[in-house]
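These notebook entries record what I looked up on strand pairing and helix packing. The sequence and the structure come first.

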Amino acid sequence: MLDSLLPFKRNFLDRNGNKLHYINEGQGEPVVMVHGNPSWSFYYRNLVSALKDNHQCIVPDHIGCGLSDKPGDAGYDYTLKNRIDDLEALLEHLEVKDNITLVVHDWGGMIGMGFAARHPERIKKLVILNTGAFHLPKAKPFPWALRICRDTQLGTFLVRGFNAFSSIASYVGVKRKPMDKATREAYVAPFNSWANRISTLRFVQDIPLKEGDRNYQLVSDIAASLDKFGSLPVLICWGLKDFVFDKHFLDEWQRRFPDAEVHAFSDCGHYILEDASDEVLGHIQQFMAK
């Protein structure tokens with residue numbers, strides 16, 4: 001079933017003994033698509049199909065996600081810096097150095113823009129989908145569901161014992177139309193045991209909320225780097241019913257990129273590429289053709 005839903009060659013890069021899976025389809029200027037939590041490269045399957053005739057589409061699975069290895073804490077330090085290092089290593093391996101269009105969603109915003117901050121000269125365009133690359137906006141309370149997952153033993157039990165994070169996201173992440181059974185099962189399939197759910201928990205635990213938290217300074221640095229991209233073409237597609245990346249985050253992106261092309265969907269949620277698939281794919285295709 002998964003092969004028919006994700007009909008792309010499986011590629012792997014060795015990262016310090018862990019296999020990092022990635023999609024690499026098509027030829028032309030590169031489009032690098034960076035997923036978040038608790039999704040995986042599957043999220044971008046339709047965008048790869050839409051763009052691969054004219055572009056090289058590169059989609060990694062972060063370590064612990066999708067078809068990549070899922071080591072325990074002894075085998076991988078699940079933190080933002082390592083995620084950025086992995087993306088950088090993949091693009092070095094593929095010799096992708098110029099004219100990159102970066103497509104980012106959820107944690108992919110922080111990881112992708114973390115890479116961009118290191119190599120601003122390599123970035124040509126940005127496509128931003130329900131994500132952040134800056135600290136929690138001041139007007140936005142940290143959601144209670146994330147706080148339970150981040151800070152409590154109950155959260156650990158729910159996420160790793162019952163796959164609560166990935167499973168619930170497959171329902172609440174779409175608002176306009178529920179996912180069909182096969183799609184929902186594909187989203188949660190990689191996170192099929194206590195051991196294989198480590199990344200879904202570590203991602204949430206890695207969210208820095210105050211000075212002194214691990215990654216707080218790194219996020220500050222990434223946010224400060226966004227000024228370097230103000231002259232680039234930027235497309236923002238946004239589901240306004242996202243309970244985490246809501247209008248507070250969209251407003252912050254628009255403040256930073258006032259010239260961006262913005263399409264906000266009042267009836268859509270976090271997984272905007274599922275909820276408004278046809279419209280968003282169309283907007284991205286037109287944006288890439290300009």
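Entry 1. I looked up Val 104 and found that it stands opposite Ile 128 in strand E6. E6 covers residues 123-131, runs parallel to E5 and is joined to E5 by 7 bridges. I take two strands as paired if DSSP finds at least two bridges between them. The strands (E, at least two residues) and helices (H or I, at least four) are DSSP runs, numbered from the N terminus.

I noted the provenance: this is a predicted model, in which local features need pLDDT of at least 70 and side-chain atom pairs count only at pLDDT 80 or more, while totals for chains, interfaces and linings use all residues. Residues are numbered from 1 along each chain as its sequence is written, and side-chain values use heavy atoms, with hydrogens and water left out.

Entry 2. I then asked which residue of E5 is the bridge partner of Val 34. The partner is Val 104. Strand E5 (residues 100-106) runs parallel to E3, and 4 bridges join the two.

Entry 3. From E3 the chain crosses through helix H2 (residues 45-51) to E4, in a right-handed β-α-β crossover. Right-handed means that, with the strands pointing away from the viewer, the path from the first strand over the helix to the second runs clockwise. In E4, Ile 58 stands opposite Val 32.

Entry 4. I traced the open sheet of 8 strands and recorded the order E1-E2-E4-E3-E5-E6-E7-E8, with mixed pairing. Strand E1 (11-15) and strand E8 (261-265) are the edge strands, each pairing on one side only.

Entry 5. I examined helix H3 (residues 80-93) against helix H10 (residues 216-225): they pack at an angle of about 50 degrees, with axes 10 Å apart. Axes are lines fitted to C-alpha atoms, for helices over the stretch in contact, and angles run from 0 to 180 degrees between N-to-C directions. The contact (heavy atoms within 4.5 Å) is made by Leu 80, Lys 81 and Ile 84 of H3 and by Leu 218, Val 219 and Ile 222 of H10.
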